[in-house]
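Me: Hi! Could you walk me through this one while I have it open on my screen?

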Amino acid sequence: MSENQDRTAGDMPTIEVRGLCKRFGHVVAVDGLSFTIVPGKITGFFGPNGSGKTTTLRMILGLVRPTSGITLVDGVPYAQLPHPKRAVGAVLETSGFYPSRSARDHLRVLCAMSGIDYSRVDAVLAMVGLAEVASRRAGGFSLGMRQRLELASALLGDPGALILDEPANGLDPQGIAWLRGFLRWYASQGRSVLVSSHLLTEGAQIVDDVVIVANGRLLARSTVAELTASLPTYVRIRTPEAERLANLLASAGIRVSYEAYDVVLAAGTNTSVVGPIIASHGLVVEQMSSVGGTLEDAFLALTGGGAWPAQVPGQWAPQPAQPGQWGPQPAQPGQWGPQGAQPGQWGPQGAQPGQWGPQGAQPGQPGQWGPGGGGTRADSDGGSQAGEWYQPR
Amino acid sequence: MIRLVNAEILKLRTIRTTWVLLLVAVGLVGLIAVLFVVHSVDALSGSGIPAFGSHAWARLILGLSGSGEDFALLVGILCVTSEYRHGTITPSLLAEPRRGRLVAAKLVVSLIAGFVFAFVLLVVVLAVGIPISAAHQVGASVILDQLPKVAPGVLLATALYGLYGAGVGALVKNQIVAVASALAFSLVGEGILTLLAPEVGRWLPDNAAAALTQSTPESTLGRLHLLPWWEGALVMLGYGVVSAVVGVFTTVRGDVT
Ligand SMILES: Nc1ncnc2c1ncn2[C@@H]1O[C@H](COP(=O)(O)OP(=O)(O)OP(=O)(O)O)[C@@H](O)[C@H]1O
Ligand SMILES: [Mg+2]
C-alpha cells in the first residue's frame, strides 16, 4: 500500500466538490460541501441516513443539478467529459433495467451510447459472475444480480474512477469479499474509488480515506489512520479481582472505571501496558480486550449525540449508551457478510485500517468472483456483544 | 450523434413493446385490408366506396397503411418515457450526460421507426390487396401504379408522427399520462376541435398529416380544407421539434433521483 501512496503523491484530484449545496423544496440535502478525491485510494463516504450522500454522488454525475457550487471530474463538469463512461463508472441505487431486455443487451446499449466495443460486454459480465445469465431478461434478476449488473455497467468503460453508492446492497458474502478485493486492486492501479455507505462496519475495512457527512455538512475529511489515532482507546478486563486490579492500575496512573462489578475499564491505554501489570501481580483474568480507536468509534464520536438529523422525525434516535446498535436493523438483507447481523461487534483491529479484507492486500485475480476468502475474517475479539460496548466520549 | 442514433435503434430493437406494437399494427391493418378489399368487390356504386379496380379504389387500399400513424405515435412516446418508467434514464444519462443530444437522437430514431412502420404496413396492404384483386380479375398493376402517389405521403406522415410522439414524450415524461393524453387527443379531441373550428382544425396533427396522405375520406372532412402537403409536413415537424425543445428545457432538465 505504501507503494500506491508514492504513486499518487501530488496527483491531480479526480473528483472535486466545491461549495456544493442542494435543496429539495425546503429540505436542505447538501449544505456547503467541499472535498477532493485523489487517485490510488479508496475513499469512504460515510454519513447517517439522509445525510446527503446519494444526492452528492448524483450531483457529481450530473444527474442532479446543484442549487449552488460545482462538481468536477478530471477537472471538468461531468457533462463536459469527452468520454464519461471511460472517466467514471458509477453504481447507483435507483438505476433501472428494461424488464424485457437481456443483461447482455442492456450493456450493449450502453456500449453503443459510449462508443465502447461490444467485446467488453462479455468481459465485464464474466468479471461480476453473470456470464451464465447474460441472455436472461434483466427484469427477472434478483437484487444481488441487479447490483452485479450495475457494477458490470460501471466497469464497461474501464474507467479511471469508480463511484459506488451502497455497492454491497444485496450482495452475498462472496460477492462482498470479491468487491472488497476488486476495489483494493482497482485503487492499487492508481485509480480513484469513492464508495458511500451508511454502514461503517461494511466499509471500514477497506477504505484509506474518509469523508464523513451529517445533515449535508462535512464533519471530517482525513485518512482513516489520522482519524482513529486521535481517539482514546480502552482496555476492558473481566476479573473476579476487580477492585484489586482497579487500585493497581490507578496507582500506575491509569484512569479506571467499572463497567460491571467484575469488569474494569482502563482508559487511554492498551493491552501491552495493562497485560504486564496483571501478570506481575498474578491476577486472575477471565477476559481482556481493547476497545475503541475504530473508524466506527470516530464516526459515532463525530455524529453521535445530536448530530443526527433531528428534523426528520421517526428516525433512529441517538443511543449513546449503545453505540453498537445504530444503523439498519439486522433483518436487512445484504449486509456485510454474516457478521453484518451484529454491527458494532467488531473489535479493536479496526485501529489498523486496510488490513482486514480477506484479499485486501493482494486480490490476486480480480477478474473472478471467487468464493475464496468470503467471510474468512479472523475475529480474535469474540468477546464483546452488540450494545455491550463502552462508548468513548 | 450517429453513435447515439444507433444506440437508440438498438434500444428499440431490444425491447418487446416495439415488436408487439409492430405486430398489432400488421395484424390490424392486414385485417382491415382484407375486409375492405373483399367488401369492395361487390359494393354498389353510390355506397361511398370507389368502384372496384378504379384508381381511387387502389389509392384507398394503399392508404390503409396510413393507420400506422397512431402506432408510430406510441413508439415515439415510449422511446422517451420508458426510460423514465423503468429507470434506465440513469444509465443513459451517465453514458450521455448532454440531455439535449439524447432527446435529439430519440427524435431522429422515432422518425426512422415511423418510417419503418409505414414501410412494413405498405408491404402488408400490397400483400393482401394484390392477390385478392387478382382473384377477381384485377391486375397487380392497378394497385402498383398508384403506389408512387400514395407511398411517399404515408411514409413521411407516419415518420413525422413518430417524431411528434417523441416530442410529446419529452414534454410529458410520465408514460401513462403521455400515452393516454396523446391518444385521446389524436382519436377524439382533434375530431371534435375540427368539427367546432375547421380553420383551427386543419393545423392539428391529424389533419396536417392528412394533408400529406390525402387519404381521409371526403365525406368525414366535410368543409375542411386541408393544408398543402409541404405545409402539413412542416406543421408536423414543428409539433415534434417544439414540444421536444420545450421538454428539454423543462421536464428533461429536471433532477434524476
Ligand atoms: N428527490 C428528492 N426530493 C425531495 N427530497 C429529497 C430527494 N432526494 C433526496 N431528498 C432528501 O435529501 C436528503 C438527503 O438524501 P440522500 O438520499 O442524499 O441521503 P443519503 O445520505 O444517501 O441517505 P442513505 O444513507 O439513507 O442512503 C434527505 O432528507 C432526503 O429526504
Ligand atoms: Mg443514499
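Predicted model: local features only at pLDDT ≥ 70, side-chain atom pairs only at ≥ 80, totals over all residues.

Me: Good to know. How many helices and strands does chain A have?
Reply: Chain A has 12 helices and 13 strands.

Me: And how much of chain A is buried?
Reply: Buried residues make up 53% of its 393 residues. The accessible surface of chain A comes to about 15,700 Å², and carbon and sulfur atoms hold 52% of that.

Me: What share of the contacts comes from residues 24 or more positions apart?
Reply: If you take the contacts in chain A with a separation of 6 or more, 72% are between residues 24 or more positions apart.

Me: OK, on to sheets. In what order do the strands of the open sheet with E10 in chain A run?
Reply: The order is E11-E12-E10-E13, four strands with antiparallel pairing. Strand E11 (255-260) and strand E13 (287-291) of chain A are at the edges with a single partner strand each, so one side of each has no neighbour in the sheet. From one strand to the next, the twist averages 20°.

Me: How many bridges are there between E10 and E12 of chain A?
Reply: There are 5 bridges between strand E10 (residues 234-238) and strand E12 (residues 263-267) of chain A, in the antiparallel sense.

Me: Which residues in H11(A) are buried?
Reply: Val274(A), Gly275(A), Ile277(A) and Ile278(A) are buried there. Their cover includes E10, H10, E12 and E13 of chain A. Just after H11(A) comes Gly282(A), with a positive phi of about 60°.

Me: Let's jump to the start of the chain. What does E1(A) form with E2(A)?
Reply: E1(A) and E2(A) form a hairpin with 2 residues between them, and Gly25(A) in the turn has a positive phi of about 60°. E1(A) pairs with strand E2 (residues 27-37) of chain A over 8 bridges in the antiparallel sense. Within that pairing, Leu33(A) in E2(A) is the bridge partner of Leu20(A).

Me: Which way do E1 and E4 of chain A run, parallel or antiparallel?
Reply: Strand E1 (residues 15-24) and strand E4 (residues 68-73) of chain A run antiparallel, joined by 5 bridges. Arg18(A) stands opposite Ile70(A) in E4(A).

Me: Nice. Now aromatics: how many aromatic pairs are there over all chains?
Reply: The count comes to 7 aromatic pairs. One of them is Phe182(A) with Tyr186(A), a tilted pair at 5.3 Å centre to centre with 40° between the planes.

Me: Where do those two sit in the helix, and are Phe182(A) and Tyr186(A) buried or exposed?
Reply: They are 4 residues apart in helix H7 (residues 173-188) of chain A, so about one helical turn separates Phe182(A) and Tyr186(A). Both Phe182(A) and Tyr186(A) are buried. Ring pairs also link Trp178(A), Phe182(A), Trp185(A) and Tyr186(A) into a cluster.

Me: Last one: what lies over the face of Tyr186(A)?
Reply: Arg191(A) does, at 4.3 Å from the ring centre.

Technical notes: Residues numbered from 1 in each chain as written. Chains lettered and ligands numbered in written order. Heavy atoms only, no water. Phe/Tyr/Trp six-rings, centres within 6.5 Å; stacked < 30°, edge-to-face > 60°. Buried < 20%, exposed > 50% of the residue type's maximum accessible area, 1.4 Å probe, protein only. Lys NZ or Arg CZ within 6 Å of the ring centre and 35° of its normal. Pairing = 2+ DSSP bridges. Axes fitted to C-alpha atoms, helices over the stretch in contact; angles between N-to-C directions. Contact = heavy atoms within 4.5 Å. Areas by Shrake-Rupley, 256 points an atom, 1.4 Å probe, with all protein chains shown as cover.
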